[in-house]
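Subject: Structure handover

Hello,

Here is the structure for you to look through. My notes on it follow below.

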Amino acid sequence: MADATTGPDQFTGPTPDNAIREADRAGRTEPMVAADGTPLKRSLNRALRRQKLRALALISPLLIFILVTFVAPIADMLFRSVENQIVSETLPRTVVALEDWDGTGVPDEEVFRALAADLVVAEELKNHTRLGSRLNYEMTGMSSLMRQTGRDVDEIGEVLTDQFVELDPAWEEPATWVSLMARDGWVEDQAEWVAAAEEAEAAQDAAATPEERRALAFDEPEPTFRVSDAAQEAFPRTARIYGQFADITQTEDEDSPTEEEPWNIVYQALYEDLSAGTAQGYDGPEADLVARSEAAVSDFDAPSVRSFFVDEIDEDWADPEVWGTIQAFSSPYTAGYFLSAVDLKLTPDGIEAQDADQSIYILLFERTMFMSLTIMFSCILLGYPIAFLLSNLPMRTSNLLLILVLLPFWTSLLVRTSAWKVLLQQQGVINDILVWIGLVSDTNRLALINNQTGTIIAMTHILLPFMILPLYSVMKTIPPSYVRAAKSLGATNWTAFWRVYFPQSVPGIGAGCILVFILSIGYYITPELVGGTTGTFISNRIAYHISSSLNWGLAAALGTILLVLVLALYYLYDRIVGIDNVSLG
Amino acid sequence: MLGEVFDMKIKTMLLGSGAVMLIAASAVAQDGQTTESPVAGEPMADEMTIVSWGGAYQDSQLKAYVEPYLEMHPEVQVTWDESSAEAVAGMRAQSEANNVTWDLVDVTAADAMRLCDEGLAMEVDIDEIAAPAPDGTEASEDFGEDMLVSDCFIPQIAYSYTFGYRTDVAEWDGNTPSSICDVFDLETFPGRRSLERRPHNNMEWALICDGVAMDDVYDALETEEGRQQAFAKLDTIKDQTVWWTAGADTPQLLADGEVVFGSTYNGRLFSLIVEQDQPVEMMWDTQSYDLDGWVIPADLGEEELNRVKDFLWFATDTQRLADQAKYISYGPARASSAPLVGEHATLGIDMAPHMPTNPENATNAFVQNYEWWADYRDDLDAEFQAWLAQ
């Protein structure tokens with residue numbers, strides 16, 4: 001077959017492709033040369049590349065459209081199944097401090113101090129509730145714990161604030177803090193900005209018309225606050241938290257650090273820094289105040305942050321499991337969502353099975369597969385005879401019947417599903433008829449809806465055209481003479497059908513099965529409306545996590561698993577039946 | 001007509017003096033007119049997307065204040081989005097995508113708290129958003145602390161979750177249910193029930209009927225044992241229950257005779273019983289109060305925000321909230337609106353006896369703890385959904 005001249009390429013002749021192959025096959029040692037002296041291979045490649053580029057340019061609008069509107073959002077959504085930056089971003093200090101924790105007992109004071117600082121910032125930015133929701137996916141109770149903590153966490157350090165202020169009222173003044181913390185020149189820049197703002201305001205007051213006033217509006221923001229290097233060195237913790245305070249004051253509250261007294265937690269950090277002695281020999285602004293305070297802090301009454309968390313806020317903070325969860329989920333990427341999606345969970349001690357009362361996903365995947373297969377087989381059973389009939393009737397009759405098949409296909413999905421509700425419910429048409437015939441008693445009407453039966457019936461009906469149409473188009477091409485020939489050679493009707501006709505219709509069954517199965521595995525609306533609680537699919541659960549529980553990571557993980565499952569089944573199908581045997585007509 | 005022109009004149013004449021303005025304002029307000037909002041005259045967007053619940057409730061909003069507002073401001077175009085049930089997810093998605101397309105969102109009190117906590121809704125000063133009562137009472141006082149449950153929440157109505165039951169069930173032998181626990185009594189009251197597909201209220205009702213005192217319900221629900229107890233009670237009717245997600249489900253199921261008992265918002269049952277005259281009765285026992293109101297998405301553009309403020313000033317004033325009660329039996333959130341609640345717009349019946357707050361209906365009412373739900377919603381939802389799926 002693979003003859004050298006008419007090999008894989010059936011069309012011989014001077015096409016560029018063939019020429020290259022020819023050259024390869026000939027196995028020449030000297031390169032063939034084109035008219036201008038360049039090797040033929042290269043010059044041909046160049047010509048081919050131009051052709052390919054042109055083809056690419058032609059399809060590029062569609063390609064870009066699909067990439068931007070379809071592939072990118074899906075990839076972004078699927079990326080959420082492993083993304084877990086929220087913990088390390090919301091609790092940066094705590095995550096670092098927890099690295100040394102061995103997982104037993106309650107972490108030490110240092111960890112709680114880090115947590116306090118992180119949570120004050122998170123609370124100001126309203127991030128702590130999101131963090132709580134995130135951790136709640138892993139451990140029930142984290143959401144309420146974070147919310148409650150958010151309400152009280154600003155009290156930490158209050159006692160120290162009072163003592164600093166008592167020692168010297170200057171600590172109460174925003175100006176003291178600014179001069180202690182600000183980078184060189186910020187104070188001057190800020191003063192200039194204030195002057196400019198006042199000038200603009202005066203000009204506005206003098207303006208005659210509202211339009212003029214608006215044109216004169218001063219909307220330049222205050223110069224961004226930066227902490228000085230000296231402060232960072234002498235007061236590492238204070239500088240960090242004060243920097244965040246100034247940033248939030250400027251960007252979130254649209255206020256100025258020169259006007260606002262710092263949070264209590266800043267005084268807590270100051271106490272920690274001064275006690276640690278990093279400020280010894282500090283000679284920047286306010287050096288005198290710092291030196292006096294440093295001498296005084298050893299006499300301060302500093303309540304334990306740890307006991308505040310445990311005793312005042314919530315005793316759950318003494319629960320090692322809480323800390324274990326934070327530690328286990330502190331890395332920016334996690335397998336946690338995928339584990340949850342298969343009823344496992346990531347705990348401090350490794351991977352464990354989910355509690356029995358919360359493990360539902362394997363069950364739902366199995367149910368989805370089982371119901372999709374059931375629907376697929378009912379579609380074959382109902383669709384095959386119809387397609388057979390359609391393809392063997394005279395054209396006029398078969399066209400009429402085909403319209404009957406297509407009519408529901410063109411009707412809105414919601415309408416058809418709602419119609420099934422009316423038909424199937426206990427006081428519905430089907431039950432009424434059954435009671436009227438006397439097949440079931442009035443008190444014992446069949447439950448045909450809000451369960452698996454309802455979903456299977458409604459979805460079989462809805463997906464039936466996807467089975468009938470490919471079957472029909474394949475059966476149309478089967479020549480009736482084959483069956484006639486079989487019969488003339490002595491085959492019974494059944495043998496002629498089973499041995500001759502049916503094998504030729506298999507490609508249609510294959511196409512119908514793939515269509516119906518893949519469509520039903522991701523079906524959402526119909527099971528949601530008629531499935532009750534036992535007839536719902538995994539897709540309903542995905543929708544629930546997207547729109548109600550907001551657990552997008554888990555939804556993405558479930559979606560990824562579903563996608564992989566479909567691809568795996570497709571591969572399996574290709575291996576067993578062969579995708580070439582599928583015909584859509 | 002003449003009166004209106006005259007009022008307009010008074011208003012323009014007195015502009016500039018705040019104190020006199022107030023008197024003019026209250027005089028005008030009694031006329032059914034409203035005062036000019038504080039943002040009147042500022043540049044405003046002409047399009048507004050309002051998110052609400054659809055159905056009879058959205059109709060009541062449309063008739064009571066959206067249509068009247070559009071008559072006064074014909075340049076404005078209002079787009080409705082019936083996504084309130086998924087408001088939290090929607091607002092989070094829009095905020096993450098940095099593309100907020102909603103201008104005003106109607107949510108329950110618990111959702112408002114969640115949105116406020118997550119920084120997705122704007123914190124408001126109610127006195128700057130809502131007009132004072134006709135007698136000059138500040139809005140904050142007129143709504144009262146009980147209504148202003150969150151800094152982001154602009155209350156509209158008090159409603160309740162109640163049960164309706166069919167009056168023609170032969171198997172009941174003439175018994176009529178009178179207590180919430182009859183819902184759990186399959187022997188005396190056989191037949192299918194419909195309950196909401198979320199833990200709210202169901203958990204509370206189950207505990208109350210399992211002997212937990214109303215005041216201890218939330219303490220019990222905080223514990224694992226309490227939740228197990230509630231689930232065990234719900235297990236007794238689980239296979240006889242249809243779970244609803246939309247407020248219109250239960251009325252439909254009751255009308256079809258699919259269920260004999262069903263919980264839903266009292267206004268939906270009102271429209272089923274009174275407007276559609278179905279063989280269904282209301283059972284007010286242990287009705288569970290809840291609030292509903294507006295939130296404004298955070299980070300709204302200035303012009304959009306001005307439009308929303310201008311609309312809210314009108315839509316939440318005393319007369320407008322009282323008008324809403326003409327169309328649906330929900331209690332207006334303002335104290336000053338209560339005396340103005342009159343008759344049903346088309347049926348001409350007195351609305352007061354159908355309000356959840358009517359003393360006769362409220363003898364054994366349960367007050368949902370929104371704050372508790374804002375804290376524990378995530379926890380309980382996970383367990384409840386798992387319980388349902390098993």
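Predicted model: local features only at pLDDT ≥ 70, side-chain atom pairs only at ≥ 80, totals over all residues.

Leaving out residues up to four places away in sequence, A:F235 touches A:L180, A:M181, A:L270, A:D273, A:L274, A:A279, A:Y282 and A:V290.

**Domains of chain A**

The domain assignment divides chain A into domain 1 (16-79), domain 2 (87-155 + 305-334), domain 3 (171-299) and domain 4 (362-581). The centres of domain 3 and domain 4 of chain A, taken over C-alpha atoms, are 68 Å apart.

Helix α9 (residues 174-181) of chain A is mostly covered, with six of its eight residues buried. These are A:P174, A:T176, A:W177, A:V178, A:L180 and A:M181.

**Aromatic pairs**

A search of the whole structure gives 52 aromatic pairs over all chains. One of them joins two residues already named for the core: the ring centres of A:F309 and A:W317 are 5.5 Å apart and the planes stand at 75°, so this pair is edge-to-face. A:F309 and A:W317 are both buried.

In chain B, the rings of B:Y159 and B:Y330 have centres 5.9 Å apart and planes at 65°, so they too form an edge-to-face pair. This pair links distant parts of the chain, 171 residues apart: B:Y159 is in strand β4 (residues 154-166) of chain B, and B:Y330 is in the loop between α14 (318-324) and β9 (331-332) of chain B. B:Y159 is buried, with a relative accessible area of 4%. B:Y330 is buried as well, also with a relative accessible area of 4%.

Ring pairs also build a cluster in chain A, made up of A:F164, A:W171, A:W177, A:W186, A:F225, A:Y242, A:F245, A:W263, A:Y267 and A:F300. One of these, A:W177, is a buried residue of α9(A).

**Contacts between the chains**

How many residues of chain A are in contact with chain B? The count is 36 residues of chain A against 39 residues of chain B. The area buried between the two chains is about 3,400 Å², and carbon and sulfur atoms give 41% of that. On the side of chain A, the residues that lose the most area to chain B are A:R130, A:R147 and A:L550, together 18% of what that side buries.

A charge also sits over a ring across the two chains: B:R92 lies over the face of A:W552, at 5.2 Å from the ring centre. Within chain B, B:K238 lies over the face of B:W387, at 4.5 Å from the ring centre.

**Positive phi angles**

Two residues of chain A are worth a look on the backbone. A:K126 is not a glycine but has a positive phi, near 60°. A:K126 lies in the loop between α5 and α6 (128-136) of chain A, and at 22% relative accessibility this lysine counts as partly exposed.

A:E254, also not a glycine, has a positive phi of about 50°. A:E254 is in the loop between α13 (236-251) and α14 (264-276) of chain A. This glutamate is exposed, with a relative accessible area of 69%.

Regards

Note on methods:
Residues numbered from 1 in each chain as written. Chains lettered and ligands numbered in written order. Heavy atoms only, no water. Contact = heavy atoms within 4.5 Å. Phe/Tyr/Trp six-rings, centres within 6.5 Å; stacked < 30°, edge-to-face > 60°. Buried < 20%, exposed > 50% of the residue type's maximum accessible area, 1.4 Å probe, protein only. Helix = DSSP H or I, 4+ residues; strand = E, 2+ residues; numbered from the N terminus. Lys NZ or Arg CZ within 6 Å of the ring centre and 35° of its normal. Buried area = accessible area lost by both parts, 1.4 Å probe. Domains from an automatic or database assignment.
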